[in-house]
Amino acid sequence: MRAALPRPEPAAPRRAVLVADAAAAQAALTGGAQALVLGGPLPPGLVAGLRAGRTDLAIYAALGAPDDPALDALVAQAPDGVLLRDARSGRDVAALGARLAVCEAEGDRPDGSLSILAAIRHPLGLLDAAGFVGASPRLRGLGLDAPALAALLGEGEALAQARGTIRIAAAAAGVAAFAWLAEESASRPDDAAARWGGFDFLVV
């Protein structure tokens, strides 16, 4: 079973890129992405093709909510796991884990082979940050959706506290801490890495 992403030195976060098609995937890899997040249905065989060229590549499928009906189609593309875009509690992670277990059984995949990255984009998720600890053995990363939280909290002290909360909760859970950044950060990876030092990886 692939790990979500190796833990690097805190000053050098790794980079995952959200992609929507084959061209975007290739551009992201050319640009130095260490992982890909599939933002929608992709052509059959694309994931296998990407892995053929990069055996170390981690590939995740983005899911809106634990009960999102798109899960079956996403899992059929054989990603390493799912990035839950709006995790509001540890219960969400547990519920998604139960659905993934069903998908594995139906798809004849090894039990536990699909992992979870949970992104927090609402203050409710911050309030229940401790609830993510032990929520599921599938959890490999806990992060925050920076643009969504900035829109609700502003760019000041509250957002800084949210960043600290995520890092503490991820450390307590023994998983990677990540930040989902605004799209323009993709064109300025060095600036993003400097600003978000201390996180294990960035999603742009």
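Is D111 buried or exposed? D111 is exposed, with a relative accessible area of 70%.

**Figure 1. Overview of the predicted model.** The protein has 204 residues, and 48% of them are buried. Its secondary structure comes to 8 helices and 8 strands. The accessible surface is about 9100 Å². Carbon and sulfur atoms account for 56% of that surface. Take the contacts between residues at least 6 apart in sequence: 59% of them join residues at least 24 apart.

Figure 2. A58 has a relative accessibility of 5%. The cut-off for buried is under 20%, so A58 counts as buried. A58 and A33 are 25 residues apart in sequence. In space, their C-alpha atoms are 9.9 Å apart.

**Figure 3. The salt bridge between D56 and R54.** Side chains of opposite charge can pair when their charged atoms come close. Here the closest N and O atoms are 3.0 Å apart. D56 is exposed, at 53% relative accessible area. R54 is partly exposed, at 24%. A search of the whole structure finds 6 salt bridges, and the D56 and R54 pair forms one of them.

**Figure 4. The salt bridge between D111 and R138.** What does this pair tie together? D111 lies in the loop between α4 (90-106) and β5 (115-120). R138 lies in the loop between α5 (123-127) and β6 (139-145). The pair therefore ties together parts that are 27 residues apart in sequence. The closest N and O atoms of D111 and R138 are 3.9 Å apart. D111 is exposed, with a relative accessible area of 70%, whereas R138 is buried, at 8%.

**Figure 5. The salt bridge between D145 and R121.** The two side chains meet at 3.1 Å, N to O. This pair links distant parts of the chain. D145 sits in strand β6, and R121 sits in the loop between β5 and α5. They are 24 residues apart. D145 is buried, with a relative accessible area of 6%. R121 is partly exposed, at 32%.

**Figure 6. The network of E104, D111 and R138.** Which residues do shared partners join into one network? They are E104, D111 and R138, joined by salt bridges that share partners.

Notes: Residues are numbered from 1 along each chain as its sequence is written. This is a predicted model: local features need pLDDT of at least 70, side-chain atom pairs count only at pLDDT 80 or more; totals for chains, interfaces and linings use all residues. Side-chain values use heavy atoms; hydrogens and water are left out. Helices (H or I, at least four residues) and strands (E, at least two) are DSSP runs, numbered from the N terminus. Buried means under 20% relative accessible area, exposed over 50%, partly exposed in between (1.4 Å probe, protein chains only). Contact means heavy atoms within 4.5 Å. Accessible areas come from the Shrake-Rupley method with a 1.4 Å probe; for residues, only the protein chains shown count as cover. A salt bridge is a side-chain nitrogen of Lys or Arg within 4 Å of a carboxyl oxygen of Asp or Glu.
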